[in-house]
Amino acid sequence: MSKKVTVIGAGSWGTAVANTFADAGHDVVLWGRNADVVSHLEAKKENKKYLPGVPLNPSLKATTDLARAFAHGEILVCSVPTQQIRSVFKEHGKTMKAQVLVNTSKGIENGTNLTVEELFLEFCPNAIYTTLSGPSFALEVAKRLPTAVTIASRSLDAAEEIQKRLTTPYFRIYTSTDVVGVDLAGALKNVIAIGSGVVAGLNLGFNARAALINRGIVEIARLGVKRGAQPMTFMGLAGMGDLVLTCTGPLSRNLRLGQMLGEGKKLADIQRELGQVAEGVYTAKSAYELAKKENVSMPITEQVYQVLYHDSPPLESLKALMGRELKAEWDVS
């Protein structure tokens, strides 16, 4: 049976998710704040700014009216950058009619260091929280290329409901009940991807990138398990799957940002050049602070933070990583 779906956020990923829901036969409204993007999407069924040249489902509707968008959806999808969730949801979240909320944002709020689930417990306490994550570039999903992801919820019924509603011939979904693990894996992989980009920008070779990716998932899992996540989550689609894609795929904004840092460009110039949010920049700060609070060793995250926020020369950060005390591979410290 068709459902009314609202997707909040008309960037590349929000548009791709909205289009997939429309392909699955649902009545979808996509909200965006950019009037030019929304009007063109309504008229031409194309997101000319974020997914130019990609034809979207003819039934997809778009609006800049946030109240209308919240009133429409039986299922509400969050696809705005994590640092914008508070400003977008604080007015309407507690009165929305949607029973199930699907998060697709990947980050940790700066200042509070709240995960996305914790944010929505504050703003949408009456909705059942689910979180969608995994190796899924928006452009490839919008082009209807084969993709597999994970939907996690503390309510298995809710996860299975979204699994059923959002599955299409090109979009396959697995369920999980590990919300903590899926949310943290999705957020923290962007930090490691910046590090992977730095390694590429410095021309340090594939050995170094492979080691960084592998040790990256180790420290992501270390923090996740400390906060109650299931270890196997980090070996799955939302963990290693998404990490490998974001650390190696040329469509990754965080990878490109790191690569330009490694080439010697300044962060402010890089962000202007990218023109879209690279969540890892913000997540690095919160992840660094969370690791300190939880007394969890996250050396790659720490060095990415130092490069981003204290102008540490990338080669100096590399020396700090390579010069750490020798230890057994599975030493938890």
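A: Here is a close look at helix α13 and the helices that follow.

First, the ground rules. This is a predicted model, so local features need pLDDT of at least 70 and side-chain atom pairs count only at pLDDT 80 or more, while totals for chains, interfaces and linings use all residues. Residues are numbered from 1 along each chain as its sequence is written, and side-chain values use heavy atoms, with hydrogens and water left out.

Start with the helix itself. Helix α13 covers residues 279-294, which makes 16 residues. Helices here are DSSP runs (H or I, at least four residues), numbered from the N terminus. From first C-alpha to last, α13 reaches 22 Å. That is close to the 22 Å expected at 1.5 Å a residue. The expected span is 1.5 Å times one less than the number of residues.

Next, burial. Buried means under 20% relative accessible area, with a 1.4 Å probe and protein chains only. The buried residues of α13 include Val 281, Ala 284, Tyr 288 and Ala 291. An α-helix has 3.6 residues a turn, so residues three or four places apart point the same way.

What do the buried residues of α13 pack against? They pack against α8 (179-201), α9 (206-226), α11 (253-262), α12 (267-274) and α14 (299-310). Contact means heavy atoms within 4.5 Å.

After α13 comes Asn 295. The phi of Asn 295 is positive, near 55°.

Now take α14. The axes of α13 and α14 come within 9 Å and cross at roughly 130°. Axes are lines fitted to C-alpha atoms, for helices over the stretch in contact, and angles run from 0 to 180 degrees between N-to-C directions. Angles under 35 degrees count as roughly parallel, over 145 as roughly antiparallel, 65 to 115 as roughly perpendicular and the rest as oblique.

The crossing of α13 past α14 is left-handed. Left-handed means the near helix is turned anticlockwise from the far one by less than a right angle; clockwise is right-handed. On the α13 side, the contact residues include Val 281, Ala 284 and Tyr 288. On the α14 side they include Val 304, Tyr 305 and Leu 308.

Finally, α14 meets helix α15 (residues 314-322). Their axes come within 10 Å and cross at roughly 160°. The two are therefore roughly antiparallel. Among the contact residues are Ile 300 and Val 307 of α14, with Pro 314 and Leu 321 of α15. This crossing is right-handed.

Key
Buried means under 20% relative accessible area, exposed over 50%, partly exposed in between (1.4 Å probe, protein chains only).
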